[in-house]
Amino acid sequence: MSLLRGALRRFTLKLLLLQIALGVTACLLVTLWLRLPDASALQVAASFVLGLLLVAIATGGQSWIALWLAHEERTRRRLLIGAASILVAVLLWCLLSQWITSLHAGDSQRASYLNSRFPHGLRSFFTYNHIYQWLCRALQPDSAPRFCCTS
């Protein structure tokens, strides 16, 4: 419980405003970056520099906020380490999400195969429609409206 209290104690209006300001700044830079034409080599170079600036501001800003929240000294070295760790975490998340997505590629074939392995009398119970209805009944209380179960 003390971990939750510590987190709630650190969640302040200033932290919320810093996160919102960083998000708005990043959104404005992304909008500017996407609106920049790429007709000449100079504009392509400017687009590349603006993209690097966007990454530096977003990761450096998050690192600064994390160090401020932990009451640690905000030196250039610590900011760079924090920004690099954020980039590594984002790249790792992208790689893992791609790997997990490829695991779900044959779900419908797997479900069809498993359905075909059941005895003929049980096949109608293990269809997507029945499983979906069972999940809706299990996850929604009786007083709540049934949004997902239409049949």
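**A walk through an all-helix model**

Let's start inside: Ser47 is buried, with a relative accessible area of 12% (buried means under 20% relative accessible area, exposed over 50%, and partly exposed in between, using a 1.4 Å probe and protein chains only). Ser47 sits in helix H3, where a helix is a DSSP run of H or I with at least four residues, a strand is a run of E with at least two, and both are numbered from the N terminus. Not counting residues up to four places away in sequence, Ser47 touches Trp33, Leu36 and Asp38; a contact here means heavy atoms within 4.5 Å.

Before going on, some ground rules. This is a predicted model, so local features need pLDDT of at least 70 and side-chain atom pairs count only at pLDDT 80 or more, while totals for chains, interfaces and linings use all residues. Residues are numbered from 1 along each chain as its sequence is written, and side-chain values use heavy atoms, with hydrogens and water left out.

Now the overall layout. Of its 151 residues, 15% count as buried. The chain exposes about 12200 Å², and carbon and sulfur atoms supply 70% of that (accessible areas come from the Shrake-Rupley method with a 1.4 Å probe, and for residues only the protein chains shown count as cover). Take the contacts with a separation of 6 or more: residues 24 or more positions apart account for 34% of them.

How far does the predictor trust all this? The average pLDDT is 82, and 79% of the residues score at least 70; pLDDT is the predictor's confidence in each residue, from 0 to 100. Confidence is highest in helix H2 (residues 13-35), at a mean of 93, and lowest in helix H6 (residues 128-139), at 69.

On the surface, Phe11, Leu13, Leu16, Leu17, Ile20, Val24 and Leu28 form a nonpolar patch with about 700 Å² of accessible area together. Patches are made of residues with over 30% relative accessible area and no salt bridge, with like charges joined within 9 Å and nonpolar side chains (Val, Leu, Ile, Met, Phe, Trp, Tyr) within 5 Å. One member, Phe11, lies in the loop between helix H1 (2-10) and H2, and Phe11 counts as exposed because its relative accessible area is 53%.

Back to H3, which covers residues 41-69. The buried residues in H3 are Ser47, Leu50, Gly51, Leu54, Thr59, Gly61, Ser63, Ile65, Leu67 and Trp68. Take Thr59, which is buried because its relative accessible area is 8%. Leaving out residues up to four places away in sequence, Thr59 touches Ala83, Ile86 and Leu87.

Gln62, also found in H3, is another one to click on. With 29% relative accessibility, Gln62 counts as partly exposed. Beyond its neighbours within four places in sequence, Gln62 is in contact with Gln19, Leu22 and Ile86. Gln62 and Leu22 are 40 residues apart along the chain, yet their C-alpha atoms are separated by 7.9 Å.

What comes after H3? His71 follows it, with a positive phi near 60°, although His71 is not a glycine. His71 lies in the loop between H3 and helix H4 (76-103), and it counts as exposed because its relative accessibility is 68%.

Last, the charges. Side chains of opposite charge can pair when their charged atoms come close. A search of the whole structure finds one salt bridge, defined as a side-chain nitrogen of Lys or Arg within 4 Å of a carboxyl oxygen of Asp or Glu. The pair is Glu72 and Arg78, with the closest N and O atoms 3.1 Å apart. Glu72 counts as partly exposed because its relative accessibility is 35%, and Arg78 is partly exposed too, at 36%.
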